[in-house]
Amino acid sequence: MKKFLVAASCVALAACGSNEAEAPVESIETADTTLDSTATGNVAGTYEVKLADGSVTMQTINADGTYVDTTPDGTRIGGGTWRTGDNGTMCFDPEGNDPEECYTGGAPAEDGAFEMRGEDGTVQSSVRKVEAQAMAAPSE
């Protein structure tokens with residue numbers, strides 16, 4: 001479950017790398033901190049997380065400081081709270097007894113995917129923001 005959290009960290013860092021100018025956005029209140037979304041980018045949304053072992057999970061980051069992890073078919077497998085940490089990291093505190101973990105993200109590729117790194121600097125996953133409509137579309 002900890003690896004799923006890596007995705008959200010990358011999202012925040014990828015948003016910082018955008019070349020497009022955004023209009024100022026009001027601050028977002030989260031569980032632990034206030035984020036200026038023009039500084040961190042709008043991280044709310046759903047992300048596809050490809051873990052090092054090849055498995056794929058989906059992570060939805062909510063503006064209220066919570067997140068939910070699911071399988072690609074939508075089965076809930078975890079969740080918790082998130083916050084920004086030191087030096088632009090994203091920290092995830094999962095439900096239950098697992099400790100909070102913080103992650104940093106790499107530069108986004110042309111497709112928007114980026115690598116997430118754990119506190120020790122090792123790559124934990126590749127993360128890419130997905131469109132909500134693409135997830136909801138039935139497959140034929």
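## Exercises on a predicted chain

Asp-111 is exposed, with a relative accessible area of 54%, where exposed means over 50%, buried under 20% and partly exposed in between, using a 1.4 Å probe and protein chains only. The model is predicted, so local features need pLDDT of at least 70 and side-chain atom pairs count only at pLDDT 80 or more, while totals for chains, interfaces and linings use all residues. Residues are numbered from 1 along each chain as its sequence is written, and side-chain values use heavy atoms, with hydrogens and water left out.

**Exercise 1.** Locate Asp-111 in the chain and describe what its side chain reaches.

*Solution.* Begin with the position: Asp-111 sits in the loop between strand 8 and strand 9, strands being DSSP runs of E with at least two residues, and helices runs of H or I with at least four, both numbered from the N terminus. Next, follow the side chain of Asp-111, which reaches the backbone nitrogen of Ala-113 at 2.9 Å. Finally, compare sequence with space: Asp-111 and Arg-128 are 17 residues apart in sequence, and their C-alpha atoms are 7.9 Å apart.

**Exercise 2.** Determine whether Asp-86 is buried or exposed, and state where Asp-86 lies.

*Solution.* Asp-86 belongs to the loop between strand 6 (76-84) and strand 7. With 65% relative accessibility, Asp-86 counts as exposed. A further step takes in Cys-102, which is 16 residues from Asp-86 along the chain, with 9.1 Å between the two C-alpha atoms.

**Exercise 3.** Which residues form the aromatic cluster, and how are the rings arranged?

*Solution.* The structure holds two aromatic pairs, a pair being rings of Phe, Tyr or Trp (its six-membered ring) whose centres lie within 6.5 Å, called stacked with planes under 30 degrees apart, edge-to-face over 60, and tilted for the rest. In one of them, Tyr-67 and Phe-92 are edge-to-face, 5.3 Å centre to centre with 90° between the planes. This pair links distant parts of the chain, with Tyr-67 in strand 5 (residues 66-70) and Phe-92 in strand 7 (residues 90-94), 25 residues apart. Tyr-67 is buried at a relative accessible area of 1%, and Phe-92 is buried at 0%. Phe-92 also pairs with Tyr-103 in a tilted arrangement, 6.3 Å centre to centre and 50° between the planes. Here the link runs from strand 7 to Tyr-103 in strand 8 (residues 101-105), 11 residues apart, and Tyr-103 counts as buried at 2% relative accessibility. Together, Tyr-67, Phe-92 and Tyr-103 form one aromatic cluster.

**Exercise 4.** Identify the residues that touch the most other members of the largest nonpolar core.

*Solution.* A nonpolar core is a set of buried Ala, Val, Leu, Ile, Met, Phe, Trp, Tyr and Cys residues joined through side-chain atoms within 4.5 Å. The largest one has 13 residues, of which Ile-61, Trp-82, Phe-92 and Val-127 touch the most other members. Two or more residues come from each of strand 3 (45-51), strand 7 and strand 9 (114-117), and strand 3 gives the most, with three residues.

Definitions and conventions. A polar contact is a pair of N or O atoms within 3.5 Å; within protein, one must be able to donate a hydrogen and the other to accept it, and residues adjacent in sequence count only if both atoms are side-chain atoms.
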